[in-house]
Amino acid sequence: MNGTDEQGLATAKRWLSSLPSVGVIAQLGQSLDGRIATPTGHSHYINGPSARAVLHLLRAHVDAVLVGVGTALADQPQLTTRHVEGPDPVRVVLDPKSRINIDNPLFNDDGVGVIHCHASAHAPTSRLAHVDYWAVPYHDGAVDLATLVAMLAERGLGRVLVEGGRTTVSTFIQAQLIDRLYLMIAPLLIGSGPVGVALPAIDHLDQAIRRTMRTTQVDDELLVEFSFRE
Ligand SMILES: NC(=O)c1ccc[n+]([C@@H]2O[C@H](COP(=O)([O-])OP(=O)(O)OC[C@H]3O[C@@H](n4cnc5c(N)ncnc54)[C@H](OP(=O)(O)O)[C@@H]3O)[C@@H](O)[C@H]2O)c1
């Protein structure tokens, strides 16, 4: 991709080459103070073109890319690898109440494969022939994410990227399903607005998730790989 930091991208590729064939990674692009938008929801764009290339690289290294319905509605993402070389992953949307419209770009019929995950009580009324519709375990407003990951693996989709948004990434972290978290940190301070990772409150730092990380610069941004499994 033109105008991107090739050296930074080469480092990211090296890190990704050691991904196990089964596992879940997550990503977030954020400001230096950890925010993914202003309080009014303005978020385009916190990160620059090289960060976008890193995101597409992440997609190219997984079998499936998963987003929550909030991201599908807000960003209308295509979830392809069009800015790098590499295969497009199967697209998965977590939409327990079937709120997404069938004209969402995520449902493009491009031969890649699309999976819509919903609660059995909220099966979608409009369906597309090329989309797989999965009823996933759903109790007290929460999808059983471990079962969903197992269902994806059974289908041959062992490597999964949880791409956003904050609710989805945070609930996967809370369920202890994430192996690595990739953060692209841009050199700006937003000062207020939603943070990328929001977990239940803790009293003591001993309860915090302290793990190892490595970092590299990509253009003027910082790419962090935080490993949940030592
Ligand atoms: N900076 C970045 O890297 C990045 C990446 C992606 C998105 N974003 C931004 O993030 C924002 C969207 O984030 P968000 O937190 O509002 O939405 P989201 O995480 O995309 O989607 C949240 C919704 O998905 C469903 N869901 C997700 N996990 C679930 C679980 N474990 N159990 C049950 N339902 C689950 C729920 O749908 P129901 O409410 O229908 O039950 C939930 O409200 C957008 O503004 C987008 O631009 C930023």
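Biologist: Which exposed residues does the face of H1 turned away from its buried side carry?

Modeller: In this predicted model, that face of H1 carries Glu-6, Gln-7, Ala-10 and Arg-14.

Biologist: What makes the buried residues of H1 line one face of the helix?

Modeller: The buried residues of helix H1 (residues 6-16) are Gly-8, Leu-9 and Ala-12. Seen down the axis of H1, these buried residues fall within an arc of 95°, so they line one face of the helix. An α-helix has 3.6 residues a turn, so residues three or four places apart point the same way. The cover over the buried residues of H1 includes helix H2 (49-60), strand S10 (212-218) and strand S11 (221-227).

Biologist: Why is Gly-156 called exposed?

Modeller: Gly-156 has 9 other C-beta atoms within 10 Å. The cut-off for an exposed residue is 12 or fewer, so Gly-156 is exposed. Gly-156 has its place in the loop between helix H4 (145-154) and S8. In sequence, Gly-156 and Ala-64 are 92 residues apart, while in space they are 9.5 Å apart, C-alpha to C-alpha.

Biologist: How do you know that strand S4 is largely enclosed by the rest of the structure?

Modeller: Five of the five residues of strand S4 (residues 114-118) are buried, so the strand is largely enclosed. To be buried, a residue needs 20 or more other C-beta atoms within 10 Å of its own. Both faces of S4 are covered, with Val-114, His-116 and His-118 buried on one side and Ile-115 and Cys-117 buried on the other.

Biologist: What makes S4 a paired strand, and which strands are its partners?

Modeller: Two strands pair if there are at least two bridges between them. S4 and strand S3 (residues 90-94) pair in the parallel sense over four bridges, and Val-93 stands opposite His-116 in S4. Five bridges join S4 to strand S5 (residues 131-135), again running parallel. In S5, Val-131 is the bridge partner of Val-114. Both bridge counts meet the cut-off of at least two, so S4 pairs with S3 and with S5.

Biologist: Which residues of H5 are buried, and what covers them?

Modeller: In H5, the buried residues are Arg-166, Thr-168, Val-169, Ser-170 and Phe-172. Their cover includes S1, S2, S3, H4 and S8. Just after H5, Gln-176 takes a positive phi of about 60°.

Biologist: Which elements supply the shell around the ligand?

Modeller: Strand S1 (23-31), strand S2 (64-68), helix H3 (69-75), strand S7 (142-143), strand S8 (159-164) and helix H5 (166-174) each supply at least two residues. The largest share, five residues, comes from H3. Of the 28 residues around the ligand, Gly-68, Gly-70, Gly-164, Gly-165 and Thr-167 come nearest.

Biologist: How many residues of that shell are nonpolar, polar and charged?

Modeller: The shell around the ligand divides into eleven nonpolar, twelve polar and five charged residues. Gly counts as polar in this division.

Biologist: Why is the protein called as compact as a globular protein of its length?

Modeller: The protein has five helices and eleven strands. Its radius of gyration is 17 Å, close to the 17 Å that the globule rule gives for 230 residues, so the protein is as compact as a globular protein of that length. Buried residues make up 38% of the 230 residues. Among contacts between residues at least 6 apart in sequence, 72% join residues at least 24 apart.

Note on methods. Residues numbered from 1 in each chain as written. Predicted model: local features only at pLDDT ≥ 70, side-chain atom pairs only at ≥ 80, totals over all residues. Near = placed C-beta within 6 Å. Rg over C-alpha atoms; globule rule 2.2 N^0.38 Å. Contact = placed C-beta atoms within 7 Å. Arc of directions from axis to C-beta.
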